[in-house]
Amino acid sequence: MRIHSCNYPWLLLAILVVLLSFSRALSSKDDEKTTTKNTKKEVTYDGTSLIINGKRELLYSGSIHYPRSTPEMWPKIIKRAKQGGLNTIQTYVFWNVHEPEQGKFNFSGRADLVKFIKLIEKNGMYVTLRLGPFIQAEWTHGGLPYWLREVPGIFFRTNNEPFKEHTERYVKVVLDKMKDEKLFASQGGPIILGQIENEYSAVQRAYKEDGLNYIKWAAKLVHSMKLGIPWVMCKQNDAPDPMINACNGRHCGDTFPGPNRDHKPSLWTENWTTQFRVFGDPPVQRSVEDIAFSVARFFSKNGSHVNYYMYHGGTNFGRTSAHYVTTRYYDDAPLDEYGLEKEPKYGHLKHLHHALNLCKKALLWGQSRTEKPGKDTEIQYYEQPGTKVCAAFLANNNTESAEIIKFKGKEYVIPPRSISILPDCKTIVYSTGEIISQHTARNYMKSKKANKKFDFKVFTETVPSKLKGDSYVPVELYGLTKDESDYGWYSTSFKMDESDLKKKGGGKPTLRIASLGHALHVWLNGEYLGNEHGSHDEKSFIFQKPISLKEGDNHLTMLGVLTGFPDSGSYMEHRFTGPRSVAILGLSSGTHDLTEKSKWGNKVGMEGEKLRIHAKKGLKAVKWEKFSGKAPGLTWYQAYFDAPESQSATAIRMNGMGKGLIWVNGEGVGRYWMSFLSPLKKPTQIEYHIPRSFLKAKKNLLVIFEEEGNVKPELIDFVIVNRDTVCSYIGEDYTPSVQHWIRKNDEVQAITDDVHLTANLKCSGTKKISAVEFASFGNPNGTCGNFTLGSCNAPVSKQVVEKYCLGKAECVIPVNKSTFQQDKKDSCPKVVKKLAVQVKCGRVKKNK
């Protein structure tokens with residue numbers, strides 16, 4: 001365990017005895033690969049780490065959600081996660097995926113949780129199961145099934161008997177299924193850790209004493225099942241014993257107050273690799289340098305488990321995203337939406353895991369010490385007395401300049417806002433601020449095979465003017481749709497007398513509709529007036545427009561539109577949306593309030609939805625017409641296309657379209673919203689992932705439901721997705737790759753006699769480097785896919801890189817002056833050089 005310095009000889013002696021009793025087993029197992037198969041494993045913990053079968057572990061975990069990718073994608077995603085240095089996969093369990101109808105459970109297809117976990121086990125990795133019942137996760141309704149809302153007397157996530165009754169039943173169904181499949185570590189399976197509830201402290205205060213009682217009940221529920229694994233509660237500092245309180249956030253090394261008991265380890269359940277995006281957002285990123293800094297800091301301060309949320313975000317297929325959340329989810333994660341390695345995020349974190357593993361024995365068994373040599377500098381180090389085991393973390397918190405840190409008689413230059421890792425307290429093997437791994441840029445290549453001229457056919461929905469209903473207020477939209485559709489119709493009729501319409505000074509009356517969200521389309525007497533919408537941050541909005549009325553009966557129709565259910569907050573069962581007040585202003589008789597003075601009729605969904613015309617079996621249920629080049633809103637479009645060439649990931653670009661839903665061969669691709677522009681005047685998401693498993697070789701059915709009129713479906717195209725643009729950007733003063741180092745016989749050793757700095761480039765699959773698109777040794781500018789020359793450049797840069805790389809699947813380029821300044825002339829000797837390289841990977845054609 002980690003031991004802080006003390007002056008009690010008897011305690012030191014006792015600790016020494018314990019250490020000696022474990023030393024032989026630990027020394028022989030320290031560098032073994034994680035294994036999860038066939039052996040029953042006892043999982044316990046103390047103040048240092050989880051202990052699996054008597055062995056302490058540093059756990060590098062990544063969130064991968066099984067419903068956000070397809071079973072065909074799972075093997076590659078999991079394999080790449082392991083190759084990235086992870087030994088654990090974390091997933092939520094999605095209640096509304098598994099029990100969409102009360103009492104009817106589904107564990108097939110993308111809901112096949114057992115298959116997903118067994119694939120993780122097959123890869124020799126552990127599993128953390130985050131059970132819910134509430135998960136948030138930017139998933140519709142936070143994972144809670146809609147039917148829960150209609151249970152009499154229910155209040156979500158509090159000491160409420162109906163909610164607890166249904167939660168207990170659900171929890172036992174899932175956990176019994178895991179137990180029947182022998183998936184818990186205590187049975188020889190991969191599940192080593194469970195989580196009940198999720199970030200409950202965010203709402204606990206709203207429920208007062210009932211909140212505290214509920215969290216105690218939830219803890220008791222899972223603990224009483226005696227499944228042989230520890231349980232955590234994230235962002236729950238008062239987690240009741242034996243629950244482990246865990247941290248969520250970006251910088252848990254600084255923000256986490258620590259375990260609420262000395263015998264519990266420091267666990268980090270969510271390290272956010274980026275920010276999820278909502279429609280209307282500009283691009284957002286989190287740098288890998290910041291992620292690596294945060295992880296190194298956490299492990300240097302007693303942390304033993306980190307989980308990247310997300311490691312692969314995937315896709316919110318169909319209507320599964322929470323309100324306003326994009327269909328693409330956490331695309332800036334180490335594995336992007338398509339499961340491709342996003343470099344350098346993937347590689348830099350892989351190198352970090354290797355560096356931490358070199359420190360493993362010191363971190364898990366050493367005495368921890370802290371020094372503060374300067375205002376912005378800090379040293380955390382661990383030593384095991386009587387051995388050579390020692391590891392140090394030298395931190396520079398200065399964001400603008402490097403700092404010199406003196407440690408154990410030697411000076412080290414630490415780059416701005418970075419942590420350097422010394423697994424032997426002597427040798428820097430990794431810096432969080434220096435990226436040695438390659439970079440990639442993602443390309444969308446227009447498919448030749450799929451983009452033949454589309455023969456679109458259309459079917460337009462009829463806008464109802466008089467719907468049945470006897471409500472005296474517009475019905476709340478969540479309750480109206482019951483999550484069966486994004487669409488709810490409202491209609492009412494009202495009379496206008498000649499006296500109402502006379503107005504001094506002329507001018508038209510104004511229709512004013514206040515809505516709680518999410519979007520709205522409006523018709524008056526069959527004429528389309530327009531639409532309005534809210535946003536993720538401000539869901540409420542006002543639709544207001546001058547109108548022309550007639551004497552006698554007037555008919556108002558509104559279409560309320562959802563973009564998903566809410567996924568957070570207290571009293572979710574009482575969260576409301578849709579139109580809440582409707583009035584006509586500017587009449588000679590004053591304001592005419594239609595909200596409570598008219599009867600409202602209602603209808604759920606589109607006719608095409610009910611007839612399932614998005615799938616082949618339902619196509620003939622309506623009469624389709626040839627697209628003439630123009631169509632009103634609420635129109636369905638269908639066309640056929642062949643699958644794009646190759647087996648690379650594929651997507652559809654929705655250029656020319658407005659807002660709606662996409663299906664391919666009856667499978668829901670997701671919601672699109674091209675007309676909601678970000679502050680940069682661009683759609684938040686243009687490309688929409690179509691998994692290869694959705695496709696067949698020929699004649700794939702594309703169906704689109706488009707809310708807006710006068711769109712241009714002819715601009716839609718299909719693209720092939722790759723990361724064949726591969727780059728490197730390395731300073732000549734960077735630390736050589738951590739992959740040069742191993743731990744052997746309690747010492748950190750180089751695997752070669754000559755450890756030097758190199759740029760390593762590698763193509764994916766069987767592709768080879770077909771072109772060197774840019775190379776400069778000097779002070780180049782830009783990023784991968786957009787490099788430019790600076791004022792300093794070695795003229796032979798491109799020739800040198802071509803010599804090392806052209807025609808190869810991977811290459812290694814020495815990064816030093818002698819490689820690029822072969823005439824020994826340096827035109828800019830005062831410049832610290834950087835090497836920027838960009839190559840193109842492709843399939844090299846064989847000569848006939």
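**Entry 1: helix α6**

I began with the cover over α6: α5 (161–180) and β9 (231–234) are among the elements that lie over its buried residues. Cover is judged by contact, meaning heavy atoms within 4.5 Å. Helices (H or I, at least four residues) and strands (E, at least two) are DSSP runs, numbered from the N terminus. The model is predicted: local features need pLDDT of at least 70, side-chain atom pairs count only at pLDDT 80 or more, and totals for chains, interfaces and linings use all residues. Residues are numbered from 1 along each chain as its sequence is written, and side-chain values use heavy atoms, with hydrogens and water left out.

I listed the buried residues of α6: Val 203, Gln 204, Tyr 207, Gly 211, Tyr 214, Ile 215, Trp 217, Ala 218, Ala 219, Leu 221 and Val 222. Buried is under 20% relative accessible area, exposed is over 50%, and partly exposed is in between (1.4 Å probe, protein chains only).

Then I checked the span. The expected span is 1.5 Å times one less than the number of residues. Where does α6 bend? I found a bend of about 125° at Tyr 207. That is the angle between axes fitted to the seven residues ending there and the seven starting there.

**Entry 2: helix α9**

I took α9 (residues 345–358) next. Its 14 residues reach 20 Å from first C-alpha to last, close to the 20 Å expected at 1.5 Å a residue. I noted 11 of the 14 residues as buried, so α9 is largely enclosed by the rest of the structure. Among these buried residues are His 348, His 351 and His 353, along with Lys 345 and Leu 352.

**Entry 3: cores**

I looked up the nonpolar cores, which are sets of buried Ala, Val, Leu, Ile, Met, Phe, Trp, Tyr and Cys residues joined through side-chain atoms within 4.5 Å. Which residues have the most contacts inside the largest core? They are Leu 352 and Met 654, and that core has 147 residues. Helix α6 (residues 201–223) gives the most to this core, with 9 residues. Beyond its neighbours within four places in sequence, Met 654 touches Ile 662, Tyr 672, Met 674, Ile 686, Tyr 688, Ile 704 and Ile 716. A second, separate core has 26 residues, including Met 496, Phe 543, Leu 549 and Leu 594.

**Entry 4: salt bridges**

My rule was a side-chain nitrogen of Lys or Arg within 4 Å of a carboxyl oxygen of Asp or Glu. I get 43 salt bridges by this rule.

Glu 378 and Arg 297 form one, at 3.0 Å from N to O. Glu 378 is in strand β14 (residues 377–383) and Arg 297 is in helix α8 (residues 288–300), distant parts of the chain that are 81 residues apart. Both Glu 378 and Arg 297 are buried.

Asp 331 pairs with Arg 442, and their closest N and O atoms are 2.6 Å apart. Asp 331 is in the loop between β12 (303–312) and α9, while Arg 442 is in strand β20 (residues 439–446), 111 residues away. Asp 331 is buried at 16% relative accessible area. I also found Asp 331 and Arg 442 in a salt-bridge network with Arg 328, Asp 336, Glu 337, Glu 687 and Arg 723.

Arg 369 meets Glu 383, with 3.4 Å between the closest N and O atoms. Arg 369 is in strand β13 (residues 367–371) and Glu 383 in β14, so the pair ties together parts 14 residues apart in sequence. Arg 369 is partly exposed at 27%, and Glu 383 is partly exposed at 23%.

**Entry 5: strands and backbone**

Strands pair if DSSP finds at least two bridges between them. I counted 5 bridges between the antiparallel strands β16 (residues 403–407) and β17 (residues 410–414). Lys 406 stands opposite Glu 411. In this hairpin, with 2 residues between the strands, Lys 408 has a positive phi near 50°.

The 3 strands of an open antiparallel sheet run in the order β2-β3-β4. Asn 53 lies in the loop between β3 and β4. Its phi is positive, about 55°, although Asn 53 is not a glycine.

Last, I checked for cis peptide bonds. One joins Asp 241 and Pro 242, with omega about 5°. Another joins Tyr 309 and Met 310, with omega about 0°. Met 310 is in strand β12.
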